[in-house]
Amino acid sequence: MNKLLKKLIISIGFILFINSFTFSTHILANNQSQESYLIIFKDNKVPNQAVELLKQKYKSTPISVISEIGALKVGTTSNLLIKELKKAYKKQIQYIGPETKLEAPRDFKIKNQFLIRDNVKESKMIDSSLSEHSIPLNSGELSNLYGWDTDKITNNGESYKKQPGNSTIKVALIDSGVDFSHPDIKDNIVSKGKSFVPGVTDTEDRMGHGTMTAGAIAANGKLLGVGPKLGIVPYKVMDNWIDGAESTWVISAIIQAANDNMDVINLSLGTYKSLDKQEDAAIIEGYNRAIKYAYKKGTITVASAGNEGYDTSDAAKLAVQMGLEGDKQVHLPGGNSQYLLNVSATNKQDQLSSYSNFGSIDLAAPAGDYGEYWESEGIIDPSSLTLVAYPTTLPEPYINQVLNLPRGYTLSVGTSLAAPKVSGAVGVILAENQAKGHKRIPMTKVRNILKRSATDLGPKGKDDKFGYGLLNLDRAIDLVH
């Protein structure tokens, strides 16, 4: 084993940090009691009489009208109310189903694969080569030292010289908020955005996830994002790891971002739903309508493929992988690639990351892996992970102490970090198009630029793992005419 590997961390504390914070890059349904229903009406229209009925007869019932997609969210567990709506508007209702409470998971495959080893009794920390450097002080220095992922995309920073983006091109970050005080991000935040979490009015990041994705898009300091001059607007749909989110919050945020004329929407989150269960149909249709709405408004949506290592190209086969044989499962919102860009993750060797979902992929972007010795020896190579921005307002992660990383940064992996790189690249393409004096270009043209500029990986042409290939922003900028 070489010198670097001898310096790797084999630490339960490190593993627990990764599980609790950085590998939790998707949202899964749990079995909490239902608190609301999503009702999808035919013809994309909510009957006025239905709203009046609820306001008059059920005055204490929380109601949200999502008129853009003909949907109604009713905050109740009352079967009587739902039965009355079904009876009165049977012909107008297309789908009706409970809004399952979602939670951002603390667990990831790595936990079960590593912690079950009985011989690992206590933390063992070995100094890493990443800590040999002093804390950088100059702009871009962290990226110069550890930014192998952005180097691949930007051709070692050459794309920055051509087009770094500009703040009039706005990327909507539908996530956990953002650290408004982070030195690498604060100047890129062009609006406080909006919170969709009930009882939470601010868009500060109390989880870390949103700040990580924001940094991948537009960090401009010690760490450099793909488009360091782009504008960021946070749309908050998560506030903490325990409470999670609801799909209707995400759906509403997508619509709001489109109405706010955002250029790009980044969705580093997802959920699984059944095509065979009637109660899931409303959520599936809600996502589909929202994404199509954004598409028609000219906003380009980018989504992460998910982190379970599943082949999501076939609903029946996906269900088998999930242990739900006989069912048909879909991953949302990334599965609707007709109206968005679905992104998988690659590692340092330009291979599909071991955790990355695949199938119906449009593009791949580097987001790290655990290193070549993870599968065989359970050893994580920190240099194979990716460096990300982390809230300066949250307690410093344990891994930072081990690796001597400065406050405001940490290491992570996940398709949640692949998607924002594509979102940032889309923003830069739009900025270059704007600089050339052209009108705003549609998603079809952006997709074509990304397709033609991508570095082909895997089988020749588009494939289920890498889509059109690995994101190459430096080449993409040259194709904007």
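Reply: Glutamate 432 counts as buried, because its relative accessibility is 10% (buried is under 20% relative accessible area, exposed over 50%, partly exposed in between, with a 1.4 Å probe and protein chains only). This is a predicted model: local features need pLDDT of at least 70, side-chain atom pairs count only at pLDDT 80 or more, and totals for chains, interfaces and linings use all residues. Residues are numbered from 1 along each chain as its sequence is written, and side-chain values use heavy atoms, with hydrogens and water left out.

Glutamate 432 belongs to helix 15, residues 415–435 (helices are DSSP runs of H or I with at least four residues, strands are runs of E with at least two, and both are numbered from the N terminus). What does its side chain reach? The side chain of glutamate 432 makes a polar contact of 2.4 Å with the side chain of lysine 436 (a polar contact is a pair of N or O atoms within 3.5 Å; within protein, one must be able to donate a hydrogen and the other to accept it, and residues adjacent in sequence count only if both atoms are side-chain atoms). Setting aside residues up to four places away in sequence, glutamate 432 touches Lys162, Gln163, Ile477 and Val480 (contact means heavy atoms within 4.5 Å).

Now the helix itself. Helix 15 crosses helix 9 (residues 209–218) at roughly 40°, and the two axes come within 7 Å (axes are lines fitted to C-alpha atoms, for helices over the stretch in contact, and angles run from 0 to 180 degrees between N-to-C directions). Helix 9 is therefore oblique to helix 15 (under 35 degrees is roughly parallel, over 145 roughly antiparallel, 65 to 115 roughly perpendicular, and the rest oblique).

Helix 3 (residues 48–57) packs against helix 4 (residues 79–88) at about 150°, with the axes 11 Å apart. The two helices are therefore roughly antiparallel. Helix 3 passes helix 4 in a right-handed crossing. Leu53, Leu54 and Lys57 of helix 3 make the contact with Leu81, Glu84 and Leu85 of helix 4. These residues divide into four nonpolar, no polar and two charged.

Is aspartate 362 buried or exposed? Aspartate 362 is buried, because its relative accessible area is 2%. A polar atom of its side chain lies 2.9 Å from the backbone nitrogen of asparagine 342. A polar contact of 2.5 Å links its side chain to that of arginine 447. Beyond four places in sequence, residues touched by aspartate 362 include Ser337, Leu340, Lys462, Phe466 and Tyr468.

Glutamate 325 is placed in the loop between helix 12 (315–321) and strand 13. Glutamate 325 counts as exposed, at 71% relative accessibility. Apart from neighbours within four places in sequence, it contacts Ala319 and Val320.

Next, the backbone. Most residues other than glycine have a negative phi, and most peptide bonds are trans. Aspartate 43 has a positive phi of about 60°, although it is not a glycine. The loop between strand 2 (37–41) and helix 3 holds aspartate 43. Aspartate 43 is exposed, with a relative accessible area of 75%. Asparagine 44 also has a positive phi, near 55°. Asparagine 44 lies in the loop between strand 2 and helix 3. Its relative accessible area is 36%, so asparagine 44 is partly exposed. Leucine 332 and proline 333 are joined by a cis peptide bond, with omega about 0°. Proline 333 lies in the loop between strand 13 (329–332) and strand 14 (341–346).

Last, the whole chain. The protein has 17 helices and 17 strands. Of its 481 residues, 60% count as buried. Among contacts with a separation of 6 or more, 77% come from residues 24 or more positions apart.

How values were computed: A crossing is left-handed if the near helix is turned anticlockwise from the far one by less than a right angle, and right-handed if clockwise. Ala, Val, Leu, Ile, Met, Phe, Trp, Tyr, Cys and Pro count as nonpolar, Asp, Glu, Lys and Arg as charged, and the others, Gly among them, as polar.
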